[in-house]
Amino acid sequence: MSDRGRREDQGLCFTCAPDTAAEAAAAQRHGLNDMVSDRAYQVGQQSGAEFDVRTPRQLVCPQCRTETHGTPFCPGCGSRLAQPAQCGQCHKDVPEGAAFCPSCGTRR
């Protein structure tokens, strides 16, 4: 029996009574969107676990004021921005101006 027939049997208005099938489809879509959002959030959390929060980031270029989003070079003018003070390989401190990590030899 169609939803219209059910509304008719219950004495409900055809124009203002809720369409149960449409409501069910909308709820399914809402549930799908919620699940996709939850999964995307979990992926973001996993990526965040790998992010080194101790590494300093220059977020705005001091030369041209372009937002850099933590990149090592400014996307607006190409200026070299603040570099991490730790080795990317072994995470030991690297002295300012050193070309190689004194602990593992990785090029800075």
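Guide: A residue is called buried when its relative accessible area is under 20%, exposed when that area is over 50%, and partly exposed in between. In this predicted model, Cys104 has a relative accessible area of 37% and is therefore partly exposed, whereas Cys61, at 0%, is buried.

Cys61 is in none, the nearest cysteine sulfur being that of Cys74, 3.7 Å away. For Cys104 the closest cysteine sulfur belongs to Cys87, and because the two are 3.6 Å apart, they are too far from each other for a bond.

Ser103 lies in the segment after H2 and, with a relative accessibility of 48%, is likewise partly exposed. If neighbours within four places in sequence are set aside, Ser103 is in contact with Cys90 and Lys92; its C-alpha atom is also 8.5 Å from that of Asp93, a residue 10 positions away along the chain.

As for helix H2 itself, which covers residues 20–49, its 30 residues should span 44 Å at 1.5 Å a residue, and the end C-alpha atoms are 43 Å apart, in agreement with that expectation. At the start of H2, a side-chain oxygen of Asp19 comes within 3.2 Å of the backbone nitrogen of Ala21.

Key. Residues numbered from 1 in each chain as written. Predicted model: local features only at pLDDT ≥ 70, side-chain atom pairs only at ≥ 80, totals over all residues. Heavy atoms only, no water. Disulfide = S-S within 2.5 Å. Buried < 20%, exposed > 50% of the residue type's maximum accessible area, 1.4 Å probe, protein only. Helix = DSSP H or I, 4+ residues; strand = E, 2+ residues; numbered from the N terminus. Expected span 1.5 Å × (residues − 1). Polar contact = N/O pair within 3.5 Å; in protein donor to acceptor, adjacent residues only side chain to side chain. Contact = heavy atoms within 4.5 Å.
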